[in-house]
Structure formats: structure tokens, C-alpha cells
Amino acid sequence: MQRVSTKVRNSSITIETGRPLPTDLVLLERKGIGHPDTLADHLAEELSRAYSRYTLDRFGAVLHHNFDKLALLGGSCEVRYGAGRMTAPVKVLINGRAAYACGGEDIPVRELAEQAVLAFFQDRLPELASHLDLIFNITSNPSPGAVVTDEGGTDRSRWFAPRSVDDLRERHVLLANDTSLGTGWAPMAPFEQFAHALVNHLSGVSEFTQANPWCGSDVKLMGHFDGTKAEAVLCVPQKSAHVPNRAAYLANKKEVLAECARFAEQHLPGVEVTFLLNARDVPDKDELYLTYTGSSIESGDEGVVGRGNRVNGLITPLRPMNLEGASGKNPVYHVGKLYNLAATRLAQRLYEETGSYAEVHLVSATGQRLDQPWKVLVRLAAEDPEIEKVQAQVALALGGFPELTAELVHHGVRLS
């Protein structure tokens, strides 16, 4: 193993080469699109995107905001074979900060948030759309550091109350909002790719879910691969309106298992994969993963931003990862969002460049230039890569934050 220290754009870069390849042991988790934590992540992103687009259209800039502390508090539901109903609403705690005005023009923050929440649930869990209790805690309080003196307010005191877009310091130079880090690695192992795709297949729009309307979206997979065989504990809910009795539920479980086997044969040929489906079921007592909406958020479960999938869509304790909740953060200068996305994409490019495993860590220092991280750590399995090409890829990534912002705002990049 060799280590090279260098600089790119005034950032201190450490490049390790000849790192050992990751072993073929895999432990992972993926939460589907109806899981409460995924719902919280994706809703927070929708709020950020709606606010960003509005302020960009009205003022020519994305004004300061963050919705990355959003939470969903589970409701209550009565489920019967062939039917179901909500008995208490799901609480949506819209927690964060946003500028309510720019200059003399007000911004309808609450209205934007309410429209985004209702549209999101109408699309994702339509049975819940009329059973939501929205709780607003969106302030415009400045971050610590706005010291009051006789000379008047500081620039920081105007972060969430700008007199015009000229008060946005990022219009002049992009600075990191926090001391934090982003992590990325590539490539995914075949079993990791399989788990990611299978959960999407069962929880999103696919031929299987369209043909089987009883299939709910709160899918979760915990997987293990030891280099020879793979095992998965899988949770797939069923929607009660489409399940007339216990026998139908059990027959549907067999269909899910058959589909999993078919999917595994297609995506992991030659690998033995075993599945344990809805392990908590006790059919004789009618204790089943039967839901009204297709998600456990209907009945007591909760979802919080940052508790679910990482930016690459997986939870991988044997891989490098960090605990940043990327969703809902400001897409212009929040390092917890931008550095994780940039590190993941940079690792993929370095993998393609070197033909072997690549790992990237971007570390910021608050108030310093966004495109000049405090530390950049690149770890490569390649024995003798061209350092100049690695540096060039790093420089390209560090120069690409404005493009990342535009992509997040306009194209709806999915972060989990």
C-alpha cells in the first residue's frame, strides 16, 4: 500500500493506493419507498425542491431553508379482511427553517409545504391523503453567531430574512454551512445490486406490483451473503382491501416468494438465495402483515429523516458510511447533502478510471469554501493508478457543485 499527499484547489488530498479489496462478505439493509423512514426522506426532499423552485422562479436564487429534521408520527388504523379504515391521522411534523420573505415580498412557506405534502401522499399512499395532521414548526431563526451590537445586524442575521438576493453570501462565493463529511464507494457487489433492485421491484411501480394491487410499498430487506450463498429476511405488506381472507393472504405470500426466486435467478445466476418472508406472521392467530395503506406509518410506526437508506440507497455496516441525513437540506451549500452525493459519484468515476474498488471521503470546515474541502481522502485498490488522472477527477468533482444543485432542484435526484 502506498500513500500520496497532494493538493487540489487548496484542498489537502490523501490518496492511498493498493488498498485490500473488500471481502465478499456482505451485510446490508434496504428500505422500500413506503417505509416510514424513506417516506420522511423523500418528503423532506420534495419540500426542499418545492421551496427552491418557487424562490428561484420569483427571486432568481434558492433562498435559505432546510427541512432535514422532518418527522412522520404514525397514525392508527383498523384492518379487516377485504377492508380497512384510518382511526387516527398520521402527524406530519414539518420541522425546519426557511426565509418567509425576500425584501418586501412575502413567500407562502406554509402553503408551499402543505401543497407538497398533500401531493406527495396522494402519489405515494393515496389512502392516507385525507388522514394527515400537519404540524408546522418552520422558523426563520438565524444560526448561532449573529452577535447584536450598536452597529446593527450582521450578515448572518439576514440569512433567513434577506433584504434582497444580494444578501445571500453564496451568490458571491460558495461556503460550507457545516463541518461535516460525505462518503462514497464503488462498485456495488452483485448481491448489493440485487437487493437494491428487488426492493425497488416490490415497493415501486413494476409489472409485479401493477398485476398485484394487494402488494404494499413498505418493503424492507435485510440481506447476508457469505461468498457462496445469500439469505434475505424480507417484509412485504399486503393491502387489506385486496385480501378477502387468510387463505388469500397466504397465497399472495407464495406469489411474492416465487417472484423473489425468479428475480434472483435473473439477477444472481448460480447463487443460492433463500428468503424468509414476513417472519413475524402467526397465521393461526391472524397476526399478519396486512395493512390498509401498504405502509406501517398507518399504525403507530414513525419515520424520521436520516434513519433510512444512505445516498446510494443501501445501509451497509461493512462498508464505509456516515450518519448524515442528506434529504431536505439546502441544495446550494449544505455539505451533508452535496458532499455525500459528490463522493458517491466520484468513487464511481474512479472505479471506472482504475477498474477496481474506490472509496472517497470529503470533509468540510464550516465557513470555508465548499469547493475546497478541508480534507479529501481517496482510497483505491488499484496498485499503480495515474495520480494525475485521480487528481483530475477530484478537481472535476469539486468544481461541479453548481451543476449538482441544478440537478437536485430541477431533476429530482433520489437520495435514498
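A word before going on: the model is predicted.

**Aromatic contacts**

What does Phe-194 pair with? Searching the whole structure turns up eight aromatic pairs. One of them joins Phe-194 to Phe-275 in a tilted arrangement, with 6.5 Å from centre to centre and 55° between the planes. Phe-194 belongs to helix α3 (residues 190-203) and Phe-275 to strand β16 (residues 272-277), so their pairing ties together parts that lie 81 residues apart in sequence. Both rings also take part in one aromatic cluster, made up of Phe-191, Phe-194, Phe-225, Phe-263 and Phe-275.

Charged side chains meet rings here too. Arg-319 is placed over the face of Trp-185, 4.0 Å from the ring centre. In Lys-375, the charged end sits over the ring of Trp-374, at 5.2 Å from its centre.

**Backbone features**

Between Ala-186 and Pro-187 the peptide bond is cis, and its omega is near 5°. Pro-187 itself is in the loop that runs between β12 (181-186) and α3, the helix that also holds Phe-194.

The loop between β16 and β17 (290-291) contains Asn-278, and Asp-286 is found in the loop between β16 and β17 as well. Asn-278 has a positive phi although it is a residue other than glycine, and Asp-286, also not a glycine, has a positive phi too. Here are the two side by side:

| Residue | Phi | Relative accessibility | Class |
|---|---|---|---|
| Asn-278 | near 50° | 4% | buried |
| Asp-286 | about 55° | 38% | partly exposed |

Is Asn-278 buried or exposed? With a relative accessible area of 4%, Asn-278 is buried, whereas Asp-286, at 38%, counts as partly exposed.

**Cysteines**

How many disulfides does the structure hold? The number is zero. Cys-215 is in no disulfide, and the nearest cysteine sulfur, that of Cys-260, lies 9.2 Å away.

Note on methods:
Residues are numbered from 1 along each chain as its sequence is written. This is a predicted model: local features need pLDDT of at least 70, side-chain atom pairs count only at pLDDT 80 or more; totals for chains, interfaces and linings use all residues. Side-chain values use heavy atoms; hydrogens and water are left out. Rings of Phe, Tyr and Trp (its six-membered ring) pair if their centres lie within 6.5 Å; planes under 30 degrees apart count as stacked, over 60 as edge-to-face and the rest as tilted. Helices (H or I, at least four residues) and strands (E, at least two) are DSSP runs, numbered from the N terminus. A charge sits over a ring if NZ of Lys or CZ of Arg is within 6 Å of the ring centre and within 35 degrees of the ring normal. Buried means under 20% relative accessible area, exposed over 50%, partly exposed in between (1.4 Å probe, protein chains only). A disulfide is a pair of cysteine sulfur atoms within 2.5 Å.
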